[in-house]
Amino acid sequence: MLMRKVTVYLMVFIFLLSVALSGCSSKTQQNSANQEDKKQVLRLNLGEEPPRLDPQTTTDGVSFQVLNAVLEGLVRLGPDEKPQKGSGLAKDWKISEDGLHYTFYLKDNIYWSDGNPITAYDFEYSWKRALDPKTASDYAYIMFPIKNAEKYNAGKVTADEVGVKALDDKTLQVDLEAPTPYFLSLTAFVTYFPLEKSFVEKVGDKLATTPDTLVYSGPFILKEWNHEQNIVLVKNDKYWDKDNVKLDEIDFDMIKDMNTVAQNFDAGQYDVISVTGDYVEKYKDKVQIHPNGFTYFLAFNTKNPVFKNENIRKAFGLSISRKELTENVLKDGSFPAYGFVPYGIPGENGEFRKEVGDLFKEDVQKAKELLAKGMKELNITTLPRIVLIADDTDVAKRESQAIQEFWKKNLGINVELQNVPFKIRLQMYSQGQFDVMLTRWGADYNDPMTFLDLWVTQTSGQPNRVFYSNSEYDKLIQQAKQTNDNKIRMENMKKAEKILMEEMPISPLFFSATAYVQQDYIKGIVRHAVGVDNDWKWTYIEK
């Protein structure tokens, strides 16, 4: 009898214990679910694979966006595009009266994601690494305002002679060749981001090829990188301003097909998407248009015997209806370009573009006459095979097909199309492997010079991919860089742009805009027309 009572009591105890444990398990699962719901995750489509995540060697806007999220320089640009003290890794700076000497003071308690302190020596090392001829950085030229930077890049002086020096862990001294009013903005650009010297030397050629071969100084770190598929960023708990970073995670896909992207957005899989013109009408009640500071243009390879001829280049450029291209093909808020520097870039008293005005106009009859004149000068009666290179995205295919049709209809020329992946197109452009290419350039900093110094006669550090050369153009740009008088600077740059458009080694097509759709609960995305397109440091999800 006693044994039966004990057995009954034991069974009751086991039952009550199982109920209690079941309740605990349910609460644990519920708490876990609640925590997941509270997690701030931004879901986006990057569209392309970042070609390179080495800040000193990368050149493309896709990589820039990722790097701006995981790294940080001396300053970080805010919504007003202006560098503010304390916005980045520098807490303060001093500028000499003549504008030639800068002294930056780094914040206390700033660390790499591996726990090591970020120092002024990291900046000195990284900037000289970008300039080192062995690095072969396409963006080395953006550091040429620094004293002896161009000479070092050309192998004419040593690294010790470059005007950047760490005085101690917290103090960076920079000497310039000439006063450069936009230099502070340059320090917010990706090429100026620091890397940890010891880490770079440890990983060597594997740098920035996987999440664990890059060390981080920005709001986020790279957690996953499945090439050609997706990237996952998570909050950097070593970041100096982590308390003001609300997102826990950013998930990027790499989908090129716009229909798939739109379907994913409609299904709630994306929080923000950029849309092409065909989808602006679909989302007309929610779509927003943001000028993004890019000029899309045709780049003519002037080493090609055909495009070495100015009249033929101009014939190709003047035979395209930019209005039809923007209104009937793009339909995304982009508008025709009749100069290279886009609207929004400051000039002498207002906007540079408005002060200069249009520098050419389309004229099919004139284009036909120029083509005939150019072919006569080359002593040819038919043009050789010409290929237009463009990206392989849906919108790039439509743009290139429209351009092909303009040339066929207006000039009677059959141009072949070759649509290639973004990374391949960049390689072909940098190596001069093209006849004519549909490409783009965006403002790296808020000054016309970011567009106009591209076309000086090519040196070891200049990205003049069309191999254009004009001594008067070079002279005007050089003089603009050597004065602190804004009136003289602007006058010289205006004259230079007129020469560029008269000889037309490049033919601007349109100033682009980004049409995007965003869920109402997404707040705080900073969109730039200068430098990096998007900054997610201050983004949060309002639920």
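Predicted model: local features only at pLDDT ≥ 70, side-chain atom pairs only at ≥ 80, totals over all residues.
Me: Which residues lie nearest the centre of the largest cavity?

Reply: Those are Leu46, Ser274, Tyr296, Arg440 and Thr514, out of 49 lining residues. Strand β15 (residues 506-518) gives the most to that lining, with six residues.

Me: What makes something a pocket and not a cavity?

Reply: A pocket is an open set of points, whereas in a cavity the probe cannot get out. The largest pocket here has a volume of about 640 Å³. It is lined by 37 residues, and Thr59, Asp60, Tyr139, Leu426 and Trp441 are the closest to its centre.

Me: Which elements supply the lining of the largest pocket?

Reply: At least two residues each come from α2 (61-70), β10 (288-300), α14 (422-430) and β14 (436-442). The largest share is from α14, with seven residues. By class, the count is 17 nonpolar, 11 polar and nine charged.

Me: What about the second largest pocket?

Reply: Its volume is about 490 Å³. Of its 26 lining residues, Phe144, Pro145, Glu150, Gln478 and Lys481 lie nearest the centre. Helices α4 (149-153) and α16 (471-481) each supply at least two residues, and α16 has the largest share, five. The classes come out as 13 nonpolar, six polar and seven charged.

Me: Back to Asp60. Why is Asp60 said to have no salt bridge?

Reply: A salt bridge needs a side-chain nitrogen of Lys or Arg within 4 Å of a carboxyl oxygen of Asp or Glu. For Asp60, the nearest side chain of opposite charge is Arg52, and that is 6.1 Å away. The cut-off is 4 Å, so Asp60 goes without, even though Asp60 is buried. Asp60 sits in the loop between β1 (41-45) and α2.

Me: Why is Arg43 with Asp271 called a salt bridge?

Reply: Their closest N and O atoms are 2.7 Å apart, and the rule asks for within 4 Å. Arg43 is in strand β1 and Asp271 in the loop between α7 (258-266) and β9 (272-275), so this pair ties together parts 228 residues apart in sequence. It belongs to a structure with 26 salt bridges.

Me: How do you know whether Arg43 and Asp271 are buried or partly exposed?

Reply: Buried means under 20% relative accessible area, and exposed means over 50%. Arg43 has 27%, so Arg43 counts as partly exposed. Asp271 has 1%, so Asp271 is buried.

Me: What makes Lys256 and Asp392 a pair?

Reply: Their side chains meet in a salt bridge, at 3.2 Å from N to O. The two are 136 residues apart, with Lys256 in the loop between β8 (249-253) and α7, and Asp392 in the loop between β12 (387-391) and α13 (394-411). At 33%, Lys256 counts as partly exposed, while Asp392, at 17%, counts as buried. Glu48 joins them in a network of salt bridges.

Me: Why does Asp453 count as buried but Lys481 as partly exposed?

Reply: Asp453 has 3% relative accessibility, so Asp453 counts as buried. Lys481 has 24%, so Lys481 counts as partly exposed. Their side chains meet in a salt bridge at 3.1 Å, N to O.

Definitions and conventions: Residues numbered from 1 in each chain as written. Heavy atoms only, no water. 1 Å grid on protein atoms, 1.4 Å probe; cavity = no way out; pocket = protein on both sides within 12 Å on 5 of 7 lines; lining within 4 Å. Helix = DSSP H or I, 4+ residues; strand = E, 2+ residues; numbered from the N terminus. Points joined across faces, edges and corners; volume = space filled by probe spheres on them. Nonpolar A, V, L, I, M, F, W, Y, C, P; charged D, E, K, R; others polar. Buried < 20%, exposed > 50% of the residue type's maximum accessible area, 1.4 Å probe, protein only. Lys, Arg positive; Asp, Glu negative; His and termini not counted.
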